[in-house]
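Subject: Structure for your review

Hello,

Here is the structure we discussed. My notes on the salt bridges, the sheet and the annotated region follow below it.

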Amino acid sequence: MLVSTRQLGAAVSVLLLCEAMCFAHADKSIEDVCCKCICPPYRNISGQIYSNRNVTQKDCNCLHIVAPMPVPGHDVEAYCLLCECKYEERSSNTIKVTIIIYLSVVGALLLYMLFLLLVDPLIRKRDPYRQPLQNEDDAENVRAPVRGNTVLERVDGAQQRWKKQVQEQRKTVFDRHKLLS
């Protein structure tokens with residue numbers, strides 16, 4: 001049973017969409033939210049970073065996050081005014097879906113490359129009349145590639161033209177010591 005790339009792509013898309021919808025209904029885990037307070041140096045106290053994962057967005061401030069308070073009671077307000085607190089929220093589900101899509105694309109490309117490596121020698125026929133381009137006399141005797149109907153034949157023709165151009169450039173640069181313009 002052969003499966004076309006369109007059918008395979010549609011199946012992967014439906015699978016990823018279903019997985020994304022399942023992730024969307026999941027509750028936020030404790031690792032998806034965090035309150036981080038960055039407090040600069042104050043008097044003789046060095047700067048520190050405080051973090052708490054078990055706090056709501058409205059409680060994300062210096063008074064709720066910084067514990068133990070490094071300053072005495074009458075300096076707490078001045079110290080907290082210097083601190084910068086941020087409530088951070090990330091979606092680990094979105095990260096998971098993105099990684100799954102990325103790995104699926106890379107895997108599909110690797111499978112396609114493997115397929116081409118296995119099938120290319122079977123499709124490509126050896127032409128006994130074709131000789132490698134080695135010197136000027138042989139370059140004129142090589143027959144011009146025929147435009148093929150298949151993609152591999154067209155790619156092969158383009159590759160042969162490119163090889164011929166490279167060989168001519170090598171001759172020009174190394175034998176005649178001239179640069180092409």
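Predicted model: local features only at pLDDT ≥ 70, side-chain atom pairs only at ≥ 80, totals over all residues.

The side chains of R43 and D75 form a salt bridge, with N and O 2.9 Å apart. R43 sits in the loop between strand 1 and strand 2, and D75 in the loop between helix 2 (62-65) and helix 3 (76-82), so this pair ties together parts that are 32 residues apart in sequence.

In total, the structure holds three salt bridges. Another joins K36 to E88, with 3.7 Å between the closest N and O atoms. K36 belongs to strand 1 and E88 to strand 3, 52 residues apart. Both are partly exposed, K36 at 29% and E88 at 33%. E84 and K86 make up a further pair, also with closest N and O atoms 3.7 Å apart. E84 is partly exposed at 46%, and K86 is partly exposed at 47%.

As for the sheet, three strands form an open, antiparallel arrangement in the order 2-1-3. Strand 2 (48-52) and strand 3 (84-89) are the edges, each pairing on one side only. Neighbouring strands are turned by 20° against each other on average, direction ignored. Strand 1 (residues 33-39) is joined to strand 3 by six bridges, and C34 stands opposite E88 of strand 3.

Finally, the unreviewed UniProt entry places a "transmembrane region" at residues 99-119. In the model, that stretch is 100% helix and 0% strand, with its end C-alpha atoms 30 Å apart.

Regards

Key: Residues numbered from 1 in each chain as written. Heavy atoms only, no water. UniProt positions renumbered as here; feature names shortened; annotations may be inferred. Helix = DSSP H or I, 4+ residues; strand = E, 2+ residues; numbered from the N terminus. Pairing = 2+ DSSP bridges. Axes fitted to C-alpha atoms, helices over the stretch in contact; angles between N-to-C directions. Salt bridge = Lys/Arg side-chain N within 4 Å of Asp/Glu carboxyl O. Buried < 20%, exposed > 50% of the residue type's maximum accessible area, 1.4 Å probe, protein only.
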